[in-house]
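I opened this notebook to keep a record of what I looked up in one structure. The entries run from the whole chain to single residues.

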Amino acid sequence: MSETRVHLSKTEPAAYKALDAFSRTVGQICAANGIDDRLKEIVMIHCSQLNGCGYCTRIHVDRALAAGIDTDTLMQIATWRESDVFSEREEAALELAEAFTFISEDGISDDVYDRVGAIFTEKEYAALSWACVSINAFNRVVIAGRYPVPPRDSQASA
């Protein structure tokens, strides 16, 4: 993949700054509406994994580790349905993340809406929804531009 792509954040920085500001607002909404960093980062990672965005997955894994999520839990996100490490709230948030990421397939089905809505308040549901919208937008910018995921410093010397 040596092909050079338009780097959207550099070519049109005003739009990228607006997206970044939007993301920060979403983070504030999450915090104000009872969505802690653990839950938010689980959602961000899962959307990024589903979209195949290594760059955003890396960023949010780092943030998840900083939020205190252990590596075993991180490793289970992709297979959350077969795992017992997630709470009912986390499972509902992961299901909502999938619905938003693949929204073109079924929208947000009544089943998902009802199941998730029975667990989260309206404010929590809205906050998580905006988090999904935000990360899916970032994933598209990064994937379209083929932003590289550089090796870690410890990996570079190996």
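The entries below start with how the model is to be read.

**Entry 1: Ground rules.** I noted that this is a predicted model, in which local features need pLDDT of at least 70, side-chain atom pairs count only at pLDDT 80 or more, and totals for chains, interfaces and linings use all residues. Residues are numbered from 1 along each chain as its sequence is written, and side-chain values use heavy atoms, with hydrogens and water left out.

**Entry 2: Helices and strands.** I looked up the secondary structure and found 10 helices and 0 strands in the protein chain. Helices (H or I, at least four residues) and strands (E, at least two) are DSSP runs, numbered from the N terminus. The pattern along the sequence reads α-α-α-α-α-α-α-α-α-α.

**Entry 3: Overall dimensions.** Along the principal axes, the C-alpha atoms fill a box of roughly 45 × 35 × 30 Å.

Entry 4: Of the 158 residues, 37% are buried. Buried means under 20% relative accessible area, exposed over 50%, and partly exposed in between (1.4 Å probe, protein chains only). I then turned to contacts, meaning heavy atoms within 4.5 Å. Among contacts with a separation of 6 or more, 72% join residues 24 or more positions apart.

**Entry 5: The nonpolar cores.** A nonpolar core is a set of buried Ala, Val, Leu, Ile, Met, Phe, Trp, Tyr and Cys residues joined through side-chain atoms within 4.5 Å. The largest one has 29 residues, and Ile-35, Val-43, Leu-96, Val-116, Phe-120 and Leu-128 have the most contacts inside it. At least two residues of this core come from each of helix 2 (13-32), helix 3 (37-51), helix 6 (88-101), helix 8 (110-117) and helix 9 (122-145). Helix 9 gives the most, with 9 residues. Apart from this core lies another of 9 residues, including Ile-42, Ala-64, Leu-74 and Trp-80.

**Entry 6: The loop between helix 2 and helix 3.** Is Ile-35 buried or exposed? Ile-35 is buried, because its relative accessible area is 4%. I located Ile-35 in the loop between helix 2 and helix 3. Not counting residues up to four places away in sequence, Ile-35 touches Cys-30, Lys-40, Arg-89, Phe-120, Glu-124, Ala-127 and Leu-128. Ile-35 and Glu-124 are 89 residues apart in sequence, and their C-alpha atoms are 6.5 Å apart in space.

Asn-33 is found in the loop between helix 2 and helix 3. With a relative accessible area of 18%, Asn-33 is buried. With residues up to four places away in sequence not counted, Asn-33 touches Lys-123, Glu-124 and Ala-127.

**Entry 7: Two further residues.** I found Arg-146 in the loop between helix 9 and helix 10 (153-156). Arg-146 is not a glycine, although its phi is positive, about 50 degrees. Its relative accessible area of 33% makes Arg-146 partly exposed.

Asp-111 lies in helix 8 and counts as exposed at 53% relative accessibility. Asp-111 and Asp-70 are 41 residues apart along the chain, and their C-alpha atoms are separated by 31 Å.
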